[in-house]
Amino acid sequence: MYKNLLILILLLFQFGFIRGQFTQESQSQLLSQIQKSKTDTNRIDLLLQLGKTYLLKDVQHRYSADSAYLLFNQANKLSKILNEPKWQSESFADLGSYYFEVNNLKEGKASFMKAIEYYNKNGDKLNEGIYWNRYGEALPDSDLNNIPLKIECFNHARSIFLSVNDSLRAISEETNIAECYARQGKPEAAEKLLLEVINQYKSIGYNKLEDTYDALAQICGSEANLHKEFLYRIEAVKSMEASGDDKRSDYFYAKLALTYSDMKMYKESAQWILKAIDFLKKKKKYEDLYGDVSLLVFDYITLKQPEKALAFLDRISHEIPPSNLAQKVDLNEEFAHCYVEMKEYSKAEQYYLEMIRIFKFTSFNKAFYTSHDQMVLDFIYYNQTIGNFYILTKNYKKSGIYFTKILNLPKGVVRPITLGEIHQAQFKVDSASGNYVSAIRHFEFFQNIHDSLFNATKNKQIQELNIKYETEKKDKDLKLKQKDIALLLNKSQLQEATLKKATLTRDIIVWSAITLLALSFVGYRIKQRHNVALQLQQDEINFQNHQLQTALSQQKKLTIEKDWLMKEIHHRVKNNLQIVISLLNV
């Protein structure tokens with residue numbers, strides 16, 4: 001097994017399978033970990049992780065997808081040898097994703113069903129639902145024939161999630177189904193289902209509704225209903241701000257800014273896109289920076305402020321230089337716009353041509369995009385941009401080349417507001433070329449779309465919505481200010497009470513100290529007087545003791561003298577008696 005793995009890694013290098021500028025570092029790290037890993041489930045996991053990095057790349061390079069297949073297949077074989085059915089199911093699902101990428105629907109469906117059947121047999125309902133969901137999401141939606149099967153997969157997942165009381169996942173599947181309806185050209189059904197989804201979320205207390213409102217806005221935008229699109233964009237921002245989850249603030253701000261721009265409210269658009277740019281700079285998330293800068297420059301230029309736009313570009317390009325080809329495309333386009341407005345057309349054309357030259361490397365290249373829709377949007381945008389420049393400079397032949405690329409895209413791919421602009425531009429190209437029949441046809445397309453987008457009623461509704469949002473925002477800001485004032489007032493009152501308490505405590509301490517000092521002084525004086533009295537008493541006692549000692553000494557002296565006298569008397573009596581006796585004897 002280890003030998004086979006080394007051969008696999010060698011093949012990946014030998015045939016150029018390891019390639020691509022965005023995943024090369026992570027792929028090298030994973031390859032290193034695989035080489036060092038043991039023959040266990042950790043190696044299976046690493047093989048699958050590495051395989052997924054190749055599916056994120058441009059499958060126009062067939063080697064990229066083949067690399068993914070080799071790794072998924074190796075993981076599948078290893079999980080079978082190790083008797084790890086769960087890991088084998090995971091590898092089957094990844095193999096299914098590979099087969100869908102290379103348009104082998106039969107093998108893709110079979111691989112996913114093997115994973116689903118494992119969990120079904122083992123009674124693991126939650127994972128069965130999760131894999132039905134993965135099956136549905138992996139099915140390519142670029143082919144409308146796959147949409148019914150996608151809906152079937154999501155319905156299976158929804159039923160299973162409901163059976164295990166996982167309401168959030170069940171509701172999420174309804175969102176997926178609604179998006180399928182939109183892809184099928186059923187916007188009314190999609191909008192109705194998404195509104196039901198919002199009600200269901202609210203009923204269970206789930207308040208992260210911004211993605212659902214975003215999906216509603218996308219649907220309405222595709223149907224040329226700017227009034228509703230604006231409504232849902234506003235609701236998405238409000239929901240995002242209310243939930244406190246600001247990880248994708250830049251996305252929701254940028255989408256609202258784009259809607260304002262579509263409604264020709266460029267001042268408001270600039271305010272919102274600046275919020276998005278500030279968020280990206282604050283979080284140091286620069287992937288979408290130059291796309292947002294592009295809209296800001298457009299707004300400034302439309303407001304007749306090209307110098308302001310050019311100054312911003314100079315500053316941002318030095319502060320945060322472009323980090324990849326896609327950002328270089330945007331930066332060239334933005335400089336070109338500024339020079340067009342300043343009527344320096346020669347400089348502008350150089351920047352536009354450089355923009356298109358670099359874009360050829362990124363156009364429909366999955367290494368630069370996370371979704372097919374974004375690829376299409378950029379393709380339309382950059383071709384429209386240079387096409388409009390050549391109309392401005394009256395080079396209609398060159399201009400028509402770029403508009404034709406957009407008009408040749410499948411029906412429903414181009415946003416109605418953009419499609420109207422393209423038909424209007426092509427009308428000018430055909431008129432200048434003397435192709436009047438085609439010109440009239442394009443003008444009719446433009447007029448019909450324009451009327452549906454900008455009739456008087458809708459313009460009034462949009463203004464009312466904008467005023468309502470701004471009023472709600474001001475009310476919210478006022479409430480926040482009132483709350484801040486109340487907090488400051490409470491804080492002031494608390495500080496005042498604390499100060500009073502501190503003053504009272506200080507006064508108590510001072511008076512206590514004074515009282516203590518006074519009592520100490522009085523005590524000292526009393527003690528001093530007492531000590532004097534005691535000293536006098538001691539002196540008296542000492543005097544009396546001295547007198548007593550003197551008396552005792554005198555008494556002792558008298559006693560000694562008395563004894564001596566008695567002895568003397570006794571001696572003399574004795575002598576006298578002897579004299580008498582002697583006289584008698586005579």
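V297 sits in helix α15, residues 289–302 (helices are DSSP runs of H or I with at least four residues, strands runs of E with at least two, numbered from the N terminus). The model is predicted: local features need pLDDT of at least 70, side-chain atom pairs count only at pLDDT 80 or more, and totals for chains, interfaces and linings use all residues. Residues are numbered from 1 along each chain as its sequence is written, and side-chain values use heavy atoms, with hydrogens and water left out.

**V297 and H337**

- V297 has a relative accessible area of 1% and is therefore buried (buried means under 20% relative accessible area, exposed over 50%, partly exposed in between, with a 1.4 Å probe and protein chains only).
- Leaving out residues up to four places away in sequence, V297 touches A309, L313, E334, H337 and C338 (contact means heavy atoms within 4.5 Å).
- The C-alpha atoms of V297 and F312 are 8.3 Å apart in space, and the two residues are 15 apart in sequence.
- H337 belongs to helix α17, residues 325–341.
- H337 is also buried, because its relative accessible area is 13%.
- Beyond four places in sequence, H337 is in contact with V297, I301, Y352, Y381 and T385.

**Helices α18 and α19**

- The axes of α18 (residues 345–362) and α19 (residues 372–392) come within 11 Å and cross at roughly 155° (axes are lines fitted to C-alpha atoms, for helices over the stretch in contact, and angles run from 0 to 180 degrees between N-to-C directions).
- α18 is therefore roughly antiparallel to α19 (angles over 145 degrees count as roughly antiparallel, under 35 as roughly parallel, 65 to 115 as roughly perpendicular and the rest as oblique).
- On the α18 side, the contact is made by Y345, A348, E349, Y352, L353, M355, I356 and F359.
- On the α19 side, it is made by D378, F379, Y382, T385, I386, F389, Y390 and L392.
- The residues of this contact divide into 13 nonpolar, one polar and two charged (Ala, Val, Leu, Ile, Met, Phe, Trp, Tyr, Cys and Pro count as nonpolar, Asp, Glu, Lys and Arg as charged, and the others, Gly among them, as polar).

**Nonpolar cores**

- The largest nonpolar core has 85 residues, of which Y260, L289 and Y352 touch the most other members (a nonpolar core is a set of buried Ala, Val, Leu, Ile, Met, Phe, Trp, Tyr and Cys residues joined through side-chain atoms within 4.5 Å).
- Another core, of 37 residues, lies apart from it, with L71, F92, I116 and A157 among its members.

**S111**

- S111 lies in helix α6, residues 105–121.
- S111 counts as buried because its relative accessibility is 5%.
- Apart from residues up to four places away in sequence, S111 touches F92, L95, G96 and Y99.
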